[in-house]
Amino acid sequence: MVLGLSAKKEKIDATAGVSLAASAWKRLRRSPVFLTGAVIIGLFILVSLLAPWLAPHNPADPMLIDQVVKARNEIPPSQPGHPLGGDLQGRDFLSRVLVGSQQTLIVGVVATLFGLTGGLILGTLAGALGGWVDSLVMRVVDVMLSLPSLLLAFSIAAMFSRPSQFTVILAVSIVQIPVFARLLRGSMLAQRHSDHVLAATALGVKKGAIVFRHMLPNSLGPVIVQSTLVLATAIIEAAALSFLGLGNPDDRTPEWGQMLGDVQKVFDTHPHLAAWPAICIIIVALGFTLMGETLREALDPKNRR
Amino acid sequence: LSGCAQSQRDSGGGGQQGGTLTFGAAGAPKLFDPFYATDGETFRVSRQMFEGLVGFKAGTAEVEPALATSYEPSTDGKTWTFTLKEGVKFHDGTEFNAEAVCFNFERWYNQKGAGQSDAVSQYWLDNFGGFKDTPDKPSLYKSCTAKDPKTAVVELNEVTSQFPSVLGFTSFSISSPEALKKYDADNVQAAGDAFTYPAYATEHPTGTGPFKFSKYDKANNTVELVRNDDYHGTKANLDKIVFKIIPDETARKQALKAGDIDGYDLPNAADWASLKSDGFNVAIRPAFNVFYLGINQKNNPKLADLKVRQALQYAINREQLVKSQLPEGAKVATQFMPDTVNGYNKSITEVKYDPEKAKSLLAEAGATDLTLKAYWPSEVTRPYMPSPKDLWGAIAGDLEKAGIKLDVVTKPWNGGYLTDVDNGISDIFLLGWTGDNGTAHNWVGTFFGRTDNRFNTGVSPWGATLAADLAKANSEPNESERTKLYEEINKKIMEEYLPAIPISHSPPALVLKSDIKGVVPSPLTDEKFGSASKG
Amino acid sequence: MSETLVSVQDMKVHFPIKRGVFFDKTVGYVYAVDGVDLEIKRGETYGLVGESGCGKSTLGRAMLRLNEPTDGKMVFDGQDFSSLRGEELRKMRRRIQMVFQDPLSSLDPRQSVESILVEGLRAHDLDKGKEETDKRLRELLSAVGLPTSALRKYPHEFSGGQRQRIGIARALALNPDLIVADEPVSALDVSVQAQVVNLLEDLQEQFGLTYLVIAHDLAVVKHISDRVGVMYLGGIVEEATADDLYEEPLHPYTRALLSAIPVPDPEVEDRRERILLAGDLPSPANPPSGCRFHTRCPWRQETKCDTERPALRELKPGHKVACHWAEQIRSGELQPHAVKPELVEEGDGLSPDVPLVGPASVTEALG
Amino acid sequence: MALLEVRDLSVVFQRKGEEPFRAVDGVSFDVEPGQTVGLVGESGCGKSVTSLAIMGLLPKRGVTITGSVSYDGTDLLKLSDKEMRDRRGRDLGMVFQDPLSSLNPVVPIGLQVTEVLERHRGMARKEAMVEAKTLLDKVGIPDPNRRLKEYPHQLSGGMRQRALIAIALACRPKLLIADEPTTALDVTIQAQILTLMKELVHDLGTALVMITHDLGVVAGLCDEVNVLYGGKVVEKAMRHKLFAEPRHPYTHGLLASIPRLDAPRGEKLTPIKGSVADNIPWSQGCAFAPRCPNALDVCTRETPAEEAQLGRLLRCHNPVVPGTPAAEEVSV
Amino acid sequence: MLRYTIRRLIQLVGVVLVLSLLLFAWLRVLPGGPVSALLGERATPESREALTKQLGLDQPIFVQYFKFLGRAATGDFGVSTGVQPGDSALEIFLQRFPATLELSFFAILIAILVGVPLGYIAAKRRGSWFDNVSVVGSLIGVAVPVFFLAYVLKGVASSALGLPSSGRQDAIDATRVTGFFTLDGMITGEWDATLNALEHLILPAIALATIPFAVIFRITRAAVLDVLDEDFVRTAESKGLTAPVIRRRHVLRNAMLPVVTTIGLQTGALLSGAVLTEKVFSFSGVGEALAIGFERRDYPVLLLLIIMATIVYVVVNLLVDLSYALIDPRIRTR
Ligand SMILES: Nc1ncnc2c1ncn2[C@@H]1O[C@H](COP(=O)(O)OP(=O)(O)OP(=O)(O)O)[C@@H](O)[C@H]1O
Ligand SMILES: Nc1ncnc2c1ncn2[C@@H]1O[C@H](COP(=O)(O)OP(=O)(O)OP(=O)(O)O)[C@@H](O)[C@H]1O
Ligand SMILES: [Mg+2]
Ligand SMILES: [Mg+2]
Ligand code: NI
């Protein structure tokens with residue numbers, strides 16, 4: 001056999017293999033943009049996890065209420081122990097901003113997870129089964145997509161008789177379902193006709209295994225990227241809901257979007273009450289977007305050499 | 001055409017006489033026929049165009065003659081004779097006389113179909129009861145006769161403290177019979193979810209007031225009124241009033257600061273100080289409302305215990321609340337009416353904040369583990385409740401400090417809150433009232449005049465007694481007797497019954513540019529721009 | 001052994017073209033494979049050549065039931081493969097394997113070589129114990145000339161030739177009887193192409209495999225095949241042993257094809273007489289009537305060609321041809337003439353309507 | 001003096017954070033008027049980069065080009081961007097590999113032909129249209145009037161390539177560079193296109209640089225052949241000589257690994273071991289050394305120089321002696 | 001193409017019917033609604049019940065829905081209970097739609113005029129500081145909540161530049177012709193009215209333009225990058241064409257294809273954004289009506305406006321798809 005010898009001489013280093021994700025990670029690690037995003041998000045998650053310990057006071061306690069004088073538009077100013085002062089109800093503002101990260105993270109993550117799960121189920125059904133299931137799912141998705149996304153979220157939120165954190169999350173996540181579903185279905189369909197799926201079929205691999213071992217994992221890339229971006233939109237959209245009065249009215253546990261939406265009346269007189277949560281939201285949304293965009297670029301086959 | 005528009009636009013500004021007042025309104029008026037109106041925005045506009053037989057003295061809730069120069073009740077209090085002003089003309093040039101007055105009364109009394117709906121003729125239903133063809137629902141009104149052109153006699157079925165001050169309500173303004181007929185004024189239709197109104201109400205309101213309807217530019221959200229040069233009294237100074245609808249509160253403020261408008265109603269209390277320092281005239285009205293914590297005795301049997309209700313009263317730091325959350329001039333409420341209303345009992349002492357007392361009362365009542373289903377409304381501001389969220393925040397904090405557990409429910413005002421509160425789903429809730437006139441009946445009578453009210457006072461044995469006492473007081477023709485009766489009732493309500501906890505009276509304000517003169521803030525928000533001038 | 005392993009009878013694959021206002025309805029077909037008969041003997045290599053789009057891959061896939069054939073059947077080792085269903089079909093797949101053209105896209109980028117190879121074993125319960133499987137994997141790798149260290153690596157870390165070896169190893173793993181190789185070397189550099197061709201030959205010797213090799217390069221096909229079938233627009237136009245086909249091509253299309261292939265020898269090139277075909281391959285959605293080749297055929301005759309579809313018939317032992325005039329052409333009775341190229345319409349909307357409802361959120365649109 | 005003299009042409013790509021990559025490394029060749037010169041080699045050996053460098057089409061950023069490309073006596077590498085624009089399309093024509101992606105999908109074929117006529121021959125649109133029709137006719141596109149109005153996707157692959165050739169030859173350039181003009185096409189179409197190009201070049205007297213990886217194409221078309229490996233010309237000779245007696249082990253290996261249609265069956269192919277990815281930079285010795293069956297110790301140490309011998313140029317320490325096989329077959 | 005259009009329109013009808021039924025049913029089972037909106041805090045249980053009966057809200061939902069459809073067929077979509085109480089929902093839409101259209105038009109105009117050239121330059125100078133800054137800038141543009149930006153603009157820009165920050169026009173005497181204030185002024189020659197309307201448009205249009213700008217910028221940049229890598233650009237270069245011809249005919253013409261699609265998709269973002277922006281600037285358009293409608297639970301208006309938004313969105317996208325087909329011959333010839 002001619003080739004045996006030459007093949008053995010070929011340079012294949014014996015180190016363990018690098019998967020696609022790993023090679024993408026290698027590229028990402030050197031990207032300053034990605035790192036910026038990652039650091040922002042890392043800090044954000046850290047702060048939200050540690051918020052109960054970082055926050056100097058209970059964010060629901062109107063401890064500075066005696067310094068609130070609506071009549072003179074006075075709110076507790078910055079003072080020892082309360083570096084950012086208090087809010088309209090005399091609660092420690094710093095604590096609220098810090099603890100707000102927690103709910104914001106929850107809103108973002110849970111909404112994204114809901115949307116992702118719904119989208120995954122619909123998209124997998126459509127992409128894996130094809131045929132009438134696909135048509136049916138896609139019609140549903142079309143209906144959902146026929147409404148501008150934020151407007152859909154507004155409408156959904158408005159339809160709950162008792163708004164709460166949960167309805168906010170639900171509204172924001174339902175909007176994402178068709179996005180994920182379509183994305184997943186698209187790449188699943190592409191996978192269905194790809195050679196490696198054909199190869200698996202030819203091997204006699206069971207259909208379920210093909211879907212879950214080959215089609216799904218290979219379609220997840222764009223979905224994961226989308227999730228990072230959705231995290232950003234979810235937080236912003238939740239804020240928009242609060243702004244329209246469709247957010248969670250119970251503000252004992254603070255959330256940035258809600259804090260921002262609540263102070264619109266005093267925006268010009270106490271801009272810092274709006275600015276802090278707004279800046280936090282912008283930074284976090286930017287962090288997720290930076291990460292998502294760079295991830296997308298890194299996973300894009302066009303950029304692979 | 002363009003030249004014409006140009007010159008009109010230039011005619012603004014300058015001098016005592018003339019000019020345009022642009023007033024920022026928070027919402028669009030529903031219509032311009034005050035009889036069908038239920039909303040403040042409609043009233044504000046109609047008030048400038050219409051007058052009633054009586055009116056309220058500027059800046060007070062006291063009744064004074066208006067289109068009637070005088071009025072006299074019969075001894076039994078059921079027949080009222082109104083002597084009318086002479087030489088008054090409606091905007092369409094027709095004569096104002098007793099015929100016209102009776103025409104209006106008959107029109108109100110003869111509403112048919114959709115016109116009888118509570119959502120349409122609410123003020124009539126509230127104050128006069130039923131209509132001609134609703135025998136099961138008796139009406140206060142019996143008849144009206146035009147004795148001569150300047151004398152109208154109105155007969156009532158009952159005696160009420162409310163008469164004739166109800167006639168001062170903008171709703172009962174006198175319209176031109178000709179115009180009413182011409183524009184099919186009674187043709188209200190229920191259409192789908194709502195009502196549609198005839199041309200009279202939307203385009204041709206015709207009254208006797210100092211201003212006439214000019215146009216409603218829906219595209220630009222402006223309502224324009226022009227001076228009635230044939231006005232029977234002192235003619236208006238202003239050429240024109242423009243109501244510019246700016247729904248967003250901050251936008252109104254900015255519009256004022258930018259000089260786009262000359263004033264607006266209900267500035268946020270938090271802005272009063274800064275508006276004042278910017279040189280605007282913040283006209284504070286006398287507080288003519290009450291804000292209370294409603295208690296529903298039906299749901300939670302523990303709430304039927306007076307001690308528990310008193311505990312709630314002690315638990316809330318009303319002083320602090322008033323100081324921190326309510327505008328300048330707000331007061332702690334000792335009873336369910338402000339001190340400007342006849343029947344206000346000065347001897348009721350303010351219950352001071354005492355959390356310990358609250359706890360011990362709860363212990364006495366065996367309600368240490370009290371859990372209450374508490375409702376507060378979102379998406380609303382009311383004169384008595386400028387920021388429900390902040391108010392609730394403070395109240396909830398106090399209640400929790402007293403060891404009361406809360407199951408908090410928030411619903412939008414129109415999205416379930418009112419329904420739930422009315423259907424008695426909540427245990428405690430935030431609500432209030434803005435008075436329509438200076439009679440006590442308009443206050444406590446409205447709250448507790450029946451036993452199946454929001455507080456379900458019928459659950460307690462005193463509920464029926466209270467309702468009967470109130471009815472009796474209302475039909476007492478003698479004014480000082482009546483006042484005394486109400487004073488007694490108020491005392492009992494606060495000390496023996498405590499069906500709910502009155503919290504505060506807070507004054508609403510009106511902000512105007514400093515060059516706007518002659519607008520007198522009214523407790524009834526009954527400001528008339530006829531006397532206003534610019535510059 | 002010269003017993004028939006595979007026999008394909010009147011295989012047809014028609015892809016519907018769907019259109020419709022609300023519900024998709026079929027408005028036409030792409031006649032990708034349109035009546036193919038073919039037999040492959042045990043242990044032989046059957047080569048299938050033809051120009052791009054003539055339906056070679058579709059035929060290969062239809063034989064493996066990766067595309068459902070519209071019509072016709074395939075008998076594999078005495079068993080009717082086309083009527084198998086479900087689990088039976090899956091079990092049977094072990095015996096027919098495929099090697100694909102694009103070595104990268106046919107390997108799942110997210111799986112290591114090891115799991116790629118083990119997957120088939122697992123599907124057919126052939127992974128009995130870790131040790132045995134390990135041994136099997138090592139055997140496979142050495143058979144295709146890859147080091148064992150390759151197991152833990154991922155497809156993108158290999159060169160094209162090495163990837164193709166992994167693909168071959170995957171097919172070998174199940175000890176198949178038949179391997180369908182769809183353009184196994186077209187994507188490779190010439191130097192590497194030879195390596196893979198040699199490898200395929202060696203494996204056949206070693207394991208007694210039967211091949212169906214699909215390619216557009218007649219030289220490659222001729223080199224490795226025992227018998228060659230020439231496809232044109234969904235049908236086989238000529239079939240013969242490799243040498244015979246080159247010695248004496250009987251179908252006008254085969255003649256033209258052979259004369260068009262450049263030979264890396266200036267002496268030969270300078271001497272050659274080209275039969276230049278006019279125009280392009282017609283669209284399989286709208287194939288010409290009669291003989292599919294008549295629009296470009298220099299030997300086209302007034303009769304029969306454009307009305308009657310010629311059957312594949314045996315002209316001399318082991319040499320079949322589908323041409324009405326094969327005898328006359330062979331004997332030189334008919335001479336070629338000039339052909340005016342016909343217009344071939346491209347891009348006539350074979351792809352279905354793509355729904356154009358757009359992305360829902362800003363970030364999706366940002367993509 | 002030759003029409004085109006490429007001397008010591010080198011192209012170095014420098015990407016941020018990466019080693020500089022020498023894609024073309026000291027390539028020299030001449031093209032006489034009317035002559036056809038072939039550049040052959042496997043994928044990635046620098047054929048396209050060479051042609052782009054001649055045309056001045058390489059990106060400006062991150063690319064260093066050295067050496068000289070003199071066309072009719074002027075060094076193209078020294079020309080300004082604007083001067084180069086004036087020459088491209090007029091003096092130098094180029095045909096690319098993928099006929100679909102090389103045509104603008106949203107501009108009708110007609111305009112894509114006429115715009116070059118308008119640019120370089122100063123024709124008005126109307127006049128140019130007439131000329132375009134003649135051109136399409138000349139390259140064998142049936143019904144040219146209709147095709148002028150059509151878009152690239154409405155044409156078949158062969159027609160598109162013909163259209164591209166028409167565009168490249170529109171201004172009768174003295175030099176035509178064809179970068180794998182037939183790789184994307186079927187053999188029967190390839191034969192059409194190659195025949196067409198042969199005729200046109202002959203009729204117009206155009207010099208042709210033919211870039212391909214297919215030795216068969218070169219064998220039938222080129223006068224002189226340059227074999228590239230890793231960016232360097234490893235062997236250069238007239239075609240008969242090259243194919244009859246390949247001296248460089250690479251050329252030899254290539255020829256031996258191609259299955260020949262006219263060869264008897266059963267003859268084993270002799271592949272070159274390894275793949276292009278295995279080569280070493282020329283600076284460390286002979287790039288081909290790791291794959292070379294003739295490799296000596298010196299090969300991995302010293303870069304072989306270009307030697308001229310008997311009408312051929314060769315870059316090898318241990319060339320193949322004619323008549324003997326490159327290396328004995330190793331069997332396992 | 002025609003077939004495609006019809007197909008999409010039929011789909012649209014289906015979508016609208018399904019959507020309206022869903023919305024209708026859902027709104028009906030919600031508490032509150034028209035009754036509580038009409039009666040307010042003065043309601044009594046009796047008056048509630050009477051009104052419910054009078055309005056037919058006690059009938060089964062399907063009956064109500066078909067009645068609604070029947071009325072809708074005659075153009076009666078109900079009467080507003082919160083936005084402009086008493087006005088018919090259709091009237092509100094018709095009277096406010098021009099405002100939103102005008103605003104969206106200026107917003108998208110700003111987004112295109114700034115986004116496309118910037119995107120082109122950024123792509124041309126890929127990797128330069130200009131590129132990086134504008135990319136990060138566009139990402140920030142997406143990350144800033146629209147209404148927050150609107151407030152900032154309102155606060156900062158209106159006081160610094162003296163631009164009006166609420167309403168569509170000052171209370172000036174302008175003749176209404178089309179409902180587009182800028183256009184009306186031009187038609188009647190009341191230039192000061194046009195100018196005034198334009199001044200009122202500047203700030204809201206800028207606020208509304210940020211997201212479309214960011215998206216258009218990034219799509220343009222990506223598309224130009226893609227196109228610059230295309231073989232046909234190299235072909236164009238090899239023909240020696242001048243730089244402007246290549247930019248216009250070869251680069252931009254192709255790069256505009258995805259941009260055009262995006263512009264269609266941005267109508268969705270515009271409609272959503274209009275809800276927020278118009279509320280902040282009290283710009284009396286459909287968006288503000290939606291915002292107030294949500295706040296005051298004005299169900300008839302919400303129902304109609306949401307359906308209208310859907311129709312507008314789908315129709316605009318259809319138009320964009322069709323225009324896409326006009327500029328892309330690959331689709332046109334299908
Ligand atoms: N899934 C499909 N749906 C519709 N048409 C198809 C499908 N698969 C293939 N075709 C069409 O069938 C015809 C034959 O395709 P096939 O892939 O079999 O050709 P081929 O001979 O393998 O060509 P190539 O050499 O390019 O691989 C082509 O016209 C192709 O467009
Ligand atoms: N713009 C570029 N930047 C960096 N490297 C490049 C660039 N263009 C080409 N290369 C590299 O230069 C080398 C030579 O490329 P070239 O395109 O000339 O090869 P080729 O001989 O034409 O191959 P093929 O037959 O595949 O077309 C390749 O390794 C390629 O990766
Ligand atoms: Mg194929
Ligand atoms: Mg190349
Ligand atoms: Ni061997």
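Reader: Which two chains have the most contacts among the eight pairs of chains that touch?

Author: In this predicted model, the most contacts among the eight touching pairs are those between chains B and E.

Reader: What makes you say that chain B and chain C do not touch?

Author: A contact needs heavy atoms within 4.5 Å. The nearest C-alpha atoms of chains B and C are 27 Å apart, and the two chains do not touch. Chains B and D do not touch either, with their nearest C-alpha atoms 44 Å apart.

Reader: How many residues does each side bring to the contact of chain E and chain D, and what area is buried there?

Author: Chain E gives 27 residues to this contact and chain D gives 30. The area buried between chain E and chain D is about 2400 Å², and carbon and sulfur atoms give 53% of that area.

Reader: Why is the meeting of Glu237(E) and Arg88(D) called a salt bridge?

Author: The name requires a side-chain nitrogen of Lys or Arg within 4 Å of a carboxyl oxygen of Asp or Glu. The side chains of Glu237(E) and Arg88(D) meet with 3.2 Å from N to O, and therefore the pair is called a salt bridge under the 4 Å cut-off. Across the interface of chain E and chain D, the rule finds four salt bridges, and it also finds 17 residue pairs in polar contact.

Reader: Which elements of chain E give two or more residues to the side that touches chain D?

Author: They are α10 (231-238), α11 (243-280) and α14 (329-332) of chain E, and the largest share, eight residues, comes from α11(E). By kind, the residues on this side of chain E divide into eight nonpolar, seven polar and twelve charged.

Reader: How do you know that Ser48(D) makes a polar contact with ligand 2?

Author: The cut-off for a pair of N or O atoms is 3.5 Å. A polar side-chain atom of Ser48(D) lies 2.5 Å from an oxygen atom of ligand 2, so this pair falls within the cut-off. An N or O atom in the side chain of Lys47(D) is 2.9 Å from an oxygen atom of the ligand, while for Gly46(D) a backbone N or O atom lies 3.2 Å from a ligand oxygen.

Reader: What surrounds ligand 2, and how much of the area it exposes alone does the protein bury?

Author: Ligand 2 is surrounded by 13 residues, with Ser43(D), Gly44(D), Lys47(D), Ser48(D) and Val49(D) the closest. Of the 640 Å² that ligand 2 exposes when taken alone, the protein buries 68%. The largest share of the shell, three residues, comes from α1(D).

Conventions:
Residues numbered from 1 in each chain as written. Chains lettered and ligands numbered in written order. Predicted model: local features only at pLDDT ≥ 70, side-chain atom pairs only at ≥ 80, totals over all residues. Heavy atoms only, no water. Buried area = accessible area lost by both parts, 1.4 Å probe. Polar contact = N/O pair within 3.5 Å; in protein donor to acceptor, adjacent residues only side chain to side chain. Helix = DSSP H or I, 4+ residues; strand = E, 2+ residues; numbered from the N terminus. Nonpolar A, V, L, I, M, F, W, Y, C, P; charged D, E, K, R; others polar. Near = heavy atom within 4 Å. Areas by Shrake-Rupley, 256 points an atom, 1.4 Å probe, with all protein chains shown as cover.
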